[in-house]
Amino acid sequence: MKKIFIAVFGVMVFASCVSTQQSLYSWYDSEDATYKYTKRGTEETLTEAMKQYEKVIKSQKGIRKVVPPGVNAEYGYILYKSGKKDEGLTLLKAEIASYPESEKFISRIIKQLEK
């Protein structure tokens, strides 16, 4: 009886250690798409990265329900460089609004782009 109790207790302890935590943000495959675009720099990898950024921005299922840090800035920069300047600036400013601590860095990027 004592062995059964110890076995059941052990199973309960190990079962409670299983992590069921949801992450703060939904990244989908944006990291992988960004890496491929950075590594190869082809039109195909750019298109895939842009799709992933749109997905991350539009459908957040993480605990915080907000766009992860840096995503608006990365996507905004890519949009700006690809000719969609207004959309790009809007996303760069959205990064500052979401994460005020990024203002110094992002405002420098905006100044450089507007020159």
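A residue counts as exposed when its relative accessible area is over 50%, as buried when that area is under 20%, and as partly exposed in between. This scale is applied below to a predicted model. Glu-44 has a relative accessibility of 65%, so it counts as exposed. Glu-44 sits in helix α3, which spans residues 43-58.

The model was examined for confidence and overall fold. The mean pLDDT of the protein is 87. A score of at least 70 is reached by 83% of the residues. The lowest mean, 61, belongs to helix α1 (residues 2-16). The highest, 97, belongs to helix α5 (residues 85-98). The protein contains six helices and zero strands. Along the sequence the pattern reads α-α-α-α-α-α. The chain has 115 residues, and 30% of them are buried.

Charge on the surface was considered next. A patch of negative charge is formed by Asp-29, Glu-31, Glu-44 and Glu-48. Glu-44, at 65%, is exposed. Glu-48 also belongs to helix α3. Its relative accessibility is 36%, so Glu-48 counts as partly exposed. Entry to a patch requires over 30% relative accessible area and no salt bridge. Glu-48, at 36%, is therefore above the area cut-off. Glu-44, at 65%, is above it too. The C-alpha atoms of Glu-48 and Ser-30 lie 8.9 Å apart. Along the chain, 18 residues separate Glu-48 from Ser-30.

Opposite charges were then examined. Side chains of opposite charge can pair when their charged atoms come close. In this model the count is one salt bridge. The partners are Lys-36 and Asp-32. Their closest N and O atoms are 3.4 Å apart. The cut-off is 4 Å, so the pair qualifies. Both residues lie in helix α2 (residues 30-40). They are four residues apart, which means that about one helical turn separates them. Lys-36 has a relative accessible area of 34%, so it is partly exposed. Asp-32 is likewise partly exposed, at 39%.

Tyr-28 lies in the loop between α1 and α2. Its phi is near 50°, a positive value in a residue other than glycine. At 26% relative accessibility, Tyr-28 counts as partly exposed.

Lys-61 occupies the loop between α3 and α4 (71-81). Lys-61 has a relative accessible area of 52% and is exposed. The C-alpha atom of Lys-61 is 9.1 Å from that of Gln-22. The two residues are 39 positions apart along the chain.

Technical notes
Residues are numbered from 1 along each chain as its sequence is written. This is a predicted model: local features need pLDDT of at least 70, side-chain atom pairs count only at pLDDT 80 or more; totals for chains, interfaces and linings use all residues. Side-chain values use heavy atoms; hydrogens and water are left out. Patches are made of residues with over 30% relative accessible area and no salt bridge: like charges are joined within 9 Å, nonpolar side chains (Val, Leu, Ile, Met, Phe, Trp, Tyr) within 5 Å. Accessible areas come from the Shrake-Rupley method with a 1.4 Å probe; for residues, only the protein chains shown count as cover. A salt bridge is a side-chain nitrogen of Lys or Arg within 4 Å of a carboxyl oxygen of Asp or Glu. Lys and Arg count as positive and Asp and Glu as negative; His and the chain ends are not counted. The place of a charge is taken as NZ of Lys, CZ of Arg, CG of Asp or CD of Glu. Helices (H or I, at least four residues) and strands (E, at least two) are DSSP runs, numbered from the N terminus. Buried means under 20% relative accessible area, exposed over 50%, partly exposed in between (1.4 Å probe, protein chains only). pLDDT is the predictor's confidence in each residue, from 0 to 100.
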